[in-house]
Amino acid sequence: MSVTTLFFDLDGTISDNLVGIHRCLNHAFERLGLAPIDETTTRSLIGPPFRESLTRIHPDIDVEEALRHYRVRYTEVGWRENTLYAGIDEALRRLHLHGYKVALCTSKPRVFAERIVEHFGLTRYFDGVHGSELDGRFDRKNELLAHLVNIYRASPRSALMIGDRDKDVVAARDNGVRSLGVTWGFGGLEELQAAGADLIVHDPSALVHRIHALC
């Protein structure tokens, strides 16, 4: 069956927000009197919901309080400490022009995802921008993807989940959706292969051709 609906991850797939996320996490840790982390550790945290991953770093952390401090700085400046991956805007433009339904499916809170997509001038290429809610709803990517497959009325085999982490691949598999892993983000080739990604692309310039090949 031809692919008609594309679900894109955000961090590590469309934009590199490592600097902003790293600074906001350490801002939160400082406010809570906890040890800071380095960028390598931050990279490992990006993708899964922070409600799950922060306790791996600080087991006794008050996660909700940490998120509150994190979001204060992220709202003010962290979301802007962000860059598009070279070529991803052109890939999105071409996919939109070719008539695919294109939607964002991210574990990042929707309110921030909408702001980032608009900031980079990408809103016109998306049929919808979807993420978790601040209260924790849709934190889990597989639950969000299941919701989106339903609201976009996409049969699972006509949909494709595109992301950089194993969580994207697992969410796709849980919903019977094919997965395309991208290696320019935070997960890397080995993680995507181990998760069982159906396809892997190494550069945004190859995205359109690879997706067309599925049709």
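Guide: Two strands are said to pair if DSSP finds at least two bridges between them. In this predicted model, strand β1, residues 5-8, meets that condition with strand β6, residues 159-163: the two run parallel and are joined by 4 bridges. Within β6, Ile162 is the bridge partner of Phe8. Strand β1 also pairs with strand β4, residues 101-109, again in the parallel sense and over 4 bridges. There, Phe7 has Ala103 of β4 as its bridge partner.

The side chains of β1 may be considered next. Thr5 and Phe7 lie on one side of the strand and Leu6 and Phe8 on the other. Buried here denotes under 20% relative accessible area. Across the protein, buried residues account for 53% of the 215.

The strand belongs to a protein with 10 helices and 8 strands. The radius of gyration is 17 Å, close to the 17 Å given by the globule rule for 215 residues, so the protein is as compact as a globular protein of that length. Along the principal axes, the C-alpha atoms fill a box of roughly 55 × 30 × 30 Å. Of the contacts between residues at least 6 apart in sequence, 66% join residues at least 24 apart.

As for the surface, the accessible area is about 9600 Å², with 48% belonging to carbon and sulfur atoms. The protein carries 26 positive and 30 negative side chains, and the centres of these two sets are 5 Å apart.

Technical notes. Residues numbered from 1 in each chain as written. Predicted model: local features only at pLDDT ≥ 70, side-chain atom pairs only at ≥ 80, totals over all residues. Heavy atoms only, no water. Rg over C-alpha atoms; globule rule 2.2 N^0.38 Å. Buried < 20%, exposed > 50% of the residue type's maximum accessible area, 1.4 Å probe, protein only. Contact = heavy atoms within 4.5 Å. Areas by Shrake-Rupley, 256 points an atom, 1.4 Å probe, with all protein chains shown as cover. Lys, Arg positive; Asp, Glu negative; His and termini not counted. Charge placed at Lys NZ, Arg CZ, Asp CG, Glu CD.
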